[in-house]
Structures are given as structure tokens and as C-alpha cells.
Amino acid sequence: MNNFMLTTIRWLLSCLIFILAACEQKNTYKTFIPSKQDSLKRIAFIKRAFIEIYKTKKDIQNGDIITRTGNDFTSESLRNLNQRNKTYSHCGIASIEGDSIFVYHALGGEFNPNQLLKREAIEYFAEPYNNKGIGIFRFNMEDSIKRKFAIVARDHFINQIMFDMDFDLKTDDRMYCAEFVYKTLLKASNKKLVFNHSHIKSFEFIGVDDIFLQPFCKLQVQLVYK
């Protein structure tokens with residue numbers, strides 16, 4: 001594949017971030033007006049989801065990989081880029097700081113206008129308004145290495161790493177979500193971990209599934225909001 005085609009693929013991937021907003025502007029469907037019963041069901045759904053999120057917090061350890069499934073069109077598109085398992089659209093690294101659990105993750109688009117690496121409490125990262133559920137994954141490695149996952153993630157946050165709109169694995173000053181997790185784990189483990197790389201023709205990238213399908217990574221909790 002020539003450089004023009006490769007650039008085009010990267011451009012199309014970055015455009016996914018903005019497709020939802022464009023679609024909303026062209027939406028000609030009638031506005032849905034929820035009934036009181038619909039509203040009560042939605043409130044009950046949100047309440048149940050947050051209860052489950054709070055219950056799940058006790059299962060999270062330093063360095064865990066936290067994945068989520070977004071419920072919007074952009075997340076659906078990104079989820080479908082996964083080549084082997086299309087369950088999750090986004091991922092980050094958990095860090096226990098005091099009595100709080102934060103998730104460090106790289107996010108672009110309207111949800112993060114300044115494009116800088118984000119540090120969010122697990123309740124915000126996992127919120128059910130824009131997500132269908134989360135997964136908690138853990139690497140079967142020494143605790144010292146797993147703690148270092150969180151330390152390196154915090155260092156990237158302090159260094160104000162920005163989101164990579166080009167989805168280019170060769171750049172380290174800008175990273176997309178799975179790339180951020182991948183490079184953090186490589187650095188923290190001193191490259192002891194080996195990951196599958198996904199391809200669309202000659203375009204090479206790390207998918208969210210390339211993280212949690214790594215042989216040393218095991219699912220701890222899968223939470224689907226109901």
C-alpha cells in the first residue's frame with residue numbers, strides 16, 4: 001500500500017471521532033418524547049448501574065485494565081475495528097490513589113476538547129449514561145510490575161500526552177486509547193509482555209482486543225448494565 005492510501009486509512013479512523021456530531025445535524029427523525037413510565041424506567045436503570053459500579057470497585061487493583069462499551073455511533077465504529085473480539089470500544093489503566101480509584105485513558109473528540117490524557121474517577125469512566133458496561137482485566141504478573149503500570153500511566157498524564165488523531169504507533173508524544181495502554185504496559189514490564197498487532201491491509205495498529213486478549217491478561221469482572 002502506498003503512502004497516500006495509508007494516510008487515507010488513518011484519516012478515516014480519526015474521522016470516526018466526529019461522525020456522530022455530523023449525523024446528528026442531518027437527523028430528520030421526529031424527536032422522541034419519553035413518557036413518565038419511560039423516564040422512571042431510565043432512572044431505575046441508571047440507579048441499578050451505579051449500584052453495580054460501586055459494588056465492583058472492591059474488585060479493582062492497581063494496574064488493572066478497565067474496558068468499556070460505549071453506546072454511541074462513534075464507539076460502535078471503533079469497537080468494530082477490533083479484529084478478534086468486538087466487545088469493548090475503549091480502555092484505560094486503573095490507579096488506586098488514597099481512597100479513590102482513577103482510570104487513566106486517552107480520549108479524543110467532543111468528550112475531551114483539549115485532547116490531553118484523562119484521569120477520571122471510575123464512576124465517571126464507567127457511567128451508564130453513555131456506556132453499556134465495563135470489563136476489569138488483570139495481568140498475571142508480579143504485584144510490583146502491576147503497580148508500575150499505574151505509576152507509568154500517571155507519568156504520562158503528568159507529561160500531558162495528547163490524543164493521536166493519526167493513529168500512528170510510531171509516535172510517543174501522542175497516543176490513542178489502546179496505544180496508550182499498550183506502550184504503558186511495555187515500558188512498565190521492561191518489554192516482558194508481547195502483544196498482537198492488528199492490521200487493515202498494511203495499516204498496523206493496536207486494538208482494544210489486542211490488550212485484553214494478551215495471554216497473561218485475564219478477565220476478573222464483566223459488568224453489563226441492565
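At 13% relative accessibility, Ser 75 counts as buried (buried means under 20% relative accessible area, exposed over 50%, and partly exposed in between, with a 1.4 Å probe and protein chains only). Ser 75 belongs to helix 3, where helices (H or I, at least four residues) and strands (E, at least two) are DSSP runs numbered from the N terminus. When neighbours within four places in sequence are set aside, Ser 75 is in contact with Gly 70 and Ser 89, contact meaning heavy atoms within 4.5 Å. The model is a predicted one, in which local features need pLDDT of at least 70 and side-chain atom pairs count only at pLDDT 80 or more, whereas totals for chains, interfaces and linings use all residues. Residues are numbered from 1 along each chain as its sequence is written, and side-chain values use heavy atoms, with hydrogens and water left out.

Ser 75 is also one of the residues that lie nearest the centre of the largest pocket, together with Arg 68, Leu 78, His 90 and Leu 107. A pocket is defined on a 1 Å grid over the protein atoms alone as an open set of points with protein on both sides within 12 Å along at least five of seven lines; in a cavity, by contrast, a 1.4 Å probe fits but cannot get out, and lining residues have an atom within 4 Å of a point. The largest pocket holds about 610 Å³ of space, the volume being the space filled by probe spheres set on grid points that are joined across faces, edges and corners. Its lining comprises 37 residues. Two or more of these residues come from each of helix 1 (3–26), strand 1 (65–70), helix 3 (73–79), strand 4 (118–121) and helix 6 (177–188). Helix 3 provides the largest share, four residues. By residue class, the lining of the largest pocket divides into 18 nonpolar, 12 polar and seven charged residues; Ala, Val, Leu, Ile, Met, Phe, Trp, Tyr, Cys and Pro count as nonpolar, Asp, Glu, Lys and Arg as charged, and the others, Gly among them, as polar.

Helix 6 has 12 residues and spans 17 Å from its first C-alpha to its last, close to the 16 Å expected at 1.5 Å a residue; the expected span is 1.5 Å times one less than the number of residues. Because 11 of its 12 residues are buried, helix 6 is largely enclosed by the rest of the structure. The buried residues of helix 6 include Cys 177, Phe 180, Tyr 182 and Leu 186. Lys 183 and Glu 179 are four residues apart in helix 6, so about one helical turn separates them. Both partners are buried, Lys 183 with a relative accessible area of 13% and Glu 179 with one of 0%.

The count comes to 12 salt bridges by this rule. Side chains of opposite charge can pair when their charged atoms come close. The side chains of Arg 84 and Asp 210 meet in a salt bridge at 3.0 Å, N to O. This pair links distant parts of the chain, 126 residues apart: Arg 84 lies in the loop between helix 3 and strand 2 (90–97), and Asp 210 in helix 7 (residues 208–212). Arg 84 is partly exposed at 47% relative accessibility, whereas Asp 210 is buried at 1%. In the salt bridge between Lys 118 and Glu 120, the closest N and O atoms are 3.8 Å apart. Lys 118 counts as buried at 19% relative accessibility, and Glu 120 counts as buried at 19%.

Most residues other than glycine have a negative phi. Gln 160, although not a glycine, has a positive phi of about 55°. Gln 160 is found in the loop between helix 5 (143–158) and strand 6 (162–163) and is exposed, with a relative accessible area of 51%. Asn 190 lies in the loop between helix 6 and strand 8 (198–200) and counts as exposed at 63% relative accessibility.

Overall, the protein has seven helices and 10 strands. Of its 226 residues, 50% count as buried. Among contacts between residues at least 6 apart in sequence, 70% join residues at least 24 apart.

How values were computed:
A salt bridge is a side-chain nitrogen of Lys or Arg within 4 Å of a carboxyl oxygen of Asp or Glu.
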